[in-house]
Amino acid sequence: MKALYLACMRALAKVEDTICYSGLLLCTGLTVAAVINRYFLHIEIMWINDIILYLYVPTGMCCIAVTTGAVSH
């Protein structure tokens with residue numbers, strides 16, 4: 001039973017790490033795209049900034065939970 005629990009926790013940790021990594025990578029890519037659009041192409045697309053905000057906040061909370069859990073063990 002303990003082995004099953006540990007396997008489930010390892011799988012959950014991989015899922016959380018993937019969510020954090022993907023979310024931060026997507027936020028970074030969208031931020032670069034927004035800056036390129038704004039300063040080089042002179043086209044400001046407002047919804048990109050909204051998506052970045054709506055994606056960054058939950059991703060940041062997930063990253064805080066993952067790092068806190070990693071430090072406490």
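**Figure 1. A nonpolar surface patch of about 690 Å² is formed by Val32, Val35, Ile36, Tyr39, Phe40, Leu41 and Ile43.** The model is predicted, so local features need pLDDT of at least 70 and side-chain atom pairs count only at pLDDT 80 or more, while totals for chains, interfaces and linings use all residues. Residues are numbered from 1 along each chain as its sequence is written, and side-chain values use heavy atoms, with hydrogens and water left out. Patches consist of residues with over 30% relative accessible area and no salt bridge; like charges are joined within 9 Å and nonpolar side chains (Val, Leu, Ile, Met, Phe, Trp, Tyr) within 5 Å. Accessible areas come from the Shrake-Rupley method with a 1.4 Å probe, and for residues only the protein chains shown count as cover. Tyr39 counts as exposed because its relative accessibility is 52%; buried means under 20% relative accessible area, exposed over 50%, and partly exposed in between (1.4 Å probe, protein chains only).

**Figure 2. The chain contains 2 helices and 0 strands.** With a radius of gyration of 17 Å, well over the 11 Å that the globule rule gives for 73 residues, the chain is more spread out than a compact globule. The radius is taken over C-alpha atoms, and the rule is 2.2 Å times the number of residues to the power 0.38. Helices (H or I, at least four residues) and strands (E, at least two) are DSSP runs, numbered from the N terminus. Along the principal axes, the C-alpha atoms fill a box of roughly 60 × 20 × 15 Å. Of the 73 residues, 16% count as buried. The chain exposes about 5900 Å², of which carbon and sulfur atoms supply 75%.

**Figure 3. Val15 and Tyr39 are 36 Å apart in space, C-alpha to C-alpha.** In sequence, 24 residues separate Val15 from Tyr39. Val15 is partly exposed, with a relative accessible area of 46%.

**Figure 4. The side chains of Arg38 and Glu44 meet in a salt bridge.** The N to O distance is 3.9 Å; a salt bridge is defined as a side-chain nitrogen of Lys or Arg within 4 Å of a carboxyl oxygen of Asp or Glu. A search of the whole structure finds 1 such bridge. Arg38 counts as partly exposed at 28% relative accessibility, and Glu44 is partly exposed with a relative accessible area of 48%.

**Figure 5. His42 has a positive phi of about 60° although it is not a glycine.** Most residues other than glycine have a negative phi. His42 is placed in the loop between α1 and α2 (46-72). With a relative accessible area of 67%, His42 is exposed.

**Figure 6. Cys63 and Leu53 of helix α2 are shown with Tyr21 and Cys27.** Cys63 lies in helix α2 and counts as buried at 17% relative accessibility. Cys63 and Tyr21 are 42 residues apart in sequence, with their C-alpha atoms 8.6 Å apart in space. Leu53 is also found in helix α2, where it counts as partly exposed at 48% relative accessibility. Leu53 and Cys27 are 26 residues apart in sequence and 8.4 Å apart in space, C-alpha to C-alpha.
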